[in-house]
Amino acid sequence: MTSLCCIECGRAARVFSGAVACARCGGLLDPVRDDARLVKTRAATWRALVARRASSADEIDRSGVWTFREWVLPELGAKDVVTLGEGRTPLVRGPAIAPKVELWVKQCGQQPTGSFKDLGMTVLVSAARAIARRRRLDALVCASTGDTSAALAAYGARAGLPVVVLLPKGKVSPAQLLQPLAHGAHVVEIDGDFDACMRVVRELGARAGILLANSKNPLRLLGQATVAFEIARDLGWRAPDVVVVPSGNLGNVAAMHSGFSLLRSLRLIDRLPRLVAAQVAAADPLHRARARGYATLEPMTAGETLATAIRIGDPVSFPRARRALVESGGTTTSVDEDALKHGMAALDAHGLLSCPQTGAAFAGARRLAQDGTIRRGERVVVVSTASGLKFVEAKAAVQTNAPLAAPARLGAVLEVLGLPRAGVA
Ligand SMILES: *Cc1c(COP(=O)(O)O)cnc(C)c1O
Ligand SMILES: [Zn+2]
């Protein structure tokens, strides 16, 4: 059975208890899979099972999360699964970051609500149905920089469960504000930043009948770990050398580590990729903590940045991320707004409309290739966390290409394009 285990003192909690913190010491809970049972199945059997489900006629089999259900949450009954067809995102070649470095982009933004948050939310909301049979459940709540709330609202609507979201006023994109409203969630705009929303929602989440849906909740991480499964599978069941993850609250980089670790236990890959938590200078408390050997995380007040989805000064999952980076031999990066814009433009120019967070991660990868942390011959995956289409206003503000204008006449169009009038084929 899957259980929840305190990362500080080891105390266990049941997976459908709805617990999001240790009852003894308040520490973060980690999902712990039943590895002893899973390793009894041979790697070849797992590979065949996963391949078969991809072409199944059953929508649960085809979900990119539930296709891996034995590794995600085997105790969840099929009738509780709430799916919107998440996962199954493309792994595509990206622009070069250095000679002889193979760069791939994992397009996690190509999702029902436009971000990787759907992967965790399908698990949390499905589990919420199981939790609701065991205890009172009136609402699912989250604080958000815009993507968690969109995902929670969509999956909550699908499950018929009430949703409350707290957003930092003016700090999420118009698309991100529209999404929870469209799905019928109760949206509260808070006069403050994400960290302020998080402080309120922690207290709200501790009340009877409320389930916290932030990535502090370990159920989210179980679903997000499937990004690691898909990357390894799409590389022919091989681990890349490095995986770069745009990082804010630090749940996702921890989920990635948990996913790759499981694959190694199951002998589906032979080593762990080095994980890189990519931050922006305006909100890089983990990057600063690395300079102190990760001894402590000093919360900072996040500054202005285009990367609003990772604009977090006091990340909840620091202890989880620290372990992921130390155990995988990984590192952190922090880039300024200029580098972020160049990163975004490089991906855009390659046909991969990038969100600001992914632009920062790409710029971080490029920097690591320049300083030798990423070496020649290595295979690198940049995780693209959201669709660029959620961030059109931010992208438009830094766009250098502009439309030309012309009256509806061929001659005029040729003229603005600088093409000769003669020369009909
Ligand atoms: C949530 C989010 C992140 C950060 O993930 P964490 O788990 O909070 O570190 C990065 N990019 C986008 C687009 C996000 O929505
Ligand atoms: Zn504890």
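Visitor: How does H11 pass H13, in a left-handed or a right-handed crossing?
Guide: H11 passes H13 in a left-handed crossing. A crossing is called left-handed if the near helix is turned anticlockwise from the far one by less than a right angle, and right-handed if clockwise. A word on the source: this is a predicted model, in which local features need pLDDT of at least 70 and side-chain atom pairs count only at pLDDT 80 or more, while totals for chains, interfaces and linings use all residues. Residues are numbered from 1 along each chain as its sequence is written, chains are lettered from A and ligands numbered from 1 in the order in which they are written, and side-chain values use heavy atoms, with hydrogens and water left out.

Visitor: What do the labels H and E stand for?
Guide: Helices (H or I, at least four residues) and strands (E, at least two) are DSSP runs, numbered from the N terminus.

Visitor: Why is H11 called oblique to H13?
Guide: The axes of H11 (residues 251-265) and H13 (residues 318-328) come within 8 Å and cross at roughly 45 degrees. That angle makes H11 oblique to H13. Under 35 degrees would count as roughly parallel, over 145 as roughly antiparallel, 65 to 115 as roughly perpendicular, and the rest is oblique. The axes are lines fitted to C-alpha atoms, for helices over the stretch in contact, and the angles run from 0 to 180 degrees between N-to-C directions.

Visitor: Which residues of H11 and H13 meet?
Guide: Val253, Ala254 and His257 in H11 meet Arg320, Ala321, Arg323, Ala324, Leu325, Glu327 and Ser328 in H13. Contact here means heavy atoms within 4.5 Å. By class, the contact of H11 with H13 has 5 nonpolar, 2 polar and 3 charged residues. Ala, Val, Leu, Ile, Met, Phe, Trp, Tyr, Cys and Pro count as nonpolar, Asp, Glu, Lys and Arg as charged, and the others, Gly among them, as polar.

Visitor: What makes H10 and H11 oblique to each other?
Guide: The axes of H10 (residues 226-234) and H11 come within 7 Å and cross at roughly 50 degrees. H10 and H11 are therefore oblique to each other. On the H10 side the contact is made by Val227, Ala228, Phe229, Ile231 and Ala232, and on the H11 side by Met256, Gly259, Phe260, Leu262 and Leu263. These residues divide into 9 nonpolar, 1 polar and no charged. As for handedness, H10 passes H11 in a right-handed crossing.

Visitor: Which residues of H13 are buried, and what covers them?
Guide: Phe318, Pro319, Arg320, Ala321, Ala324, Leu325 and Ser328 are buried in H13. Their cover includes E3 (29-32), H9 (218-224), H11, E11 (274-280), H12 (285-291) and E12 (331-335). Gly329, which follows H13, has a positive phi near 70 degrees.

Visitor: Why is Thr358 called buried?
Guide: Thr358 has a relative accessible area of 2%, so it is buried. The term covers values under 20%, with exposed over 50% and partly exposed in between (1.4 Å probe, protein chains only). Thr358 is in H15 (residues 356-370), and its side chain reaches the backbone nitrogen of Thr385 at 3.2 Å. A polar contact is a pair of N or O atoms within 3.5 Å; within protein, one must be able to donate a hydrogen and the other to accept it, and residues adjacent in sequence count only if both atoms are side-chain atoms.

Visitor: How do you know whether Thr385 is buried or exposed?
Guide: Its relative accessible area is 6%, so Thr385 is buried. Thr385 is in the loop between E13 and H16. Beyond residues up to four places away in sequence, Thr385 touches a set of residues including Cys108, Gly114, Phe116, Pro246 and Thr358.

Visitor: What makes Leu389 buried or exposed?
Guide: Leu389 has 60% relative accessibility, so it counts as exposed. Leu389 is in the loop between E13 (379-384) and H16 (392-397). Leu389 and Gly114 are 275 residues apart in sequence and 8.1 Å apart in space, C-alpha to C-alpha.

Visitor: Where is Arg267, and why is it called exposed?
Guide: Arg267 is in the loop between H11 and E11. Its relative accessible area is 54%, so Arg267 is exposed. Arg267 also has a positive phi of about 60 degrees, although it is not a glycine.
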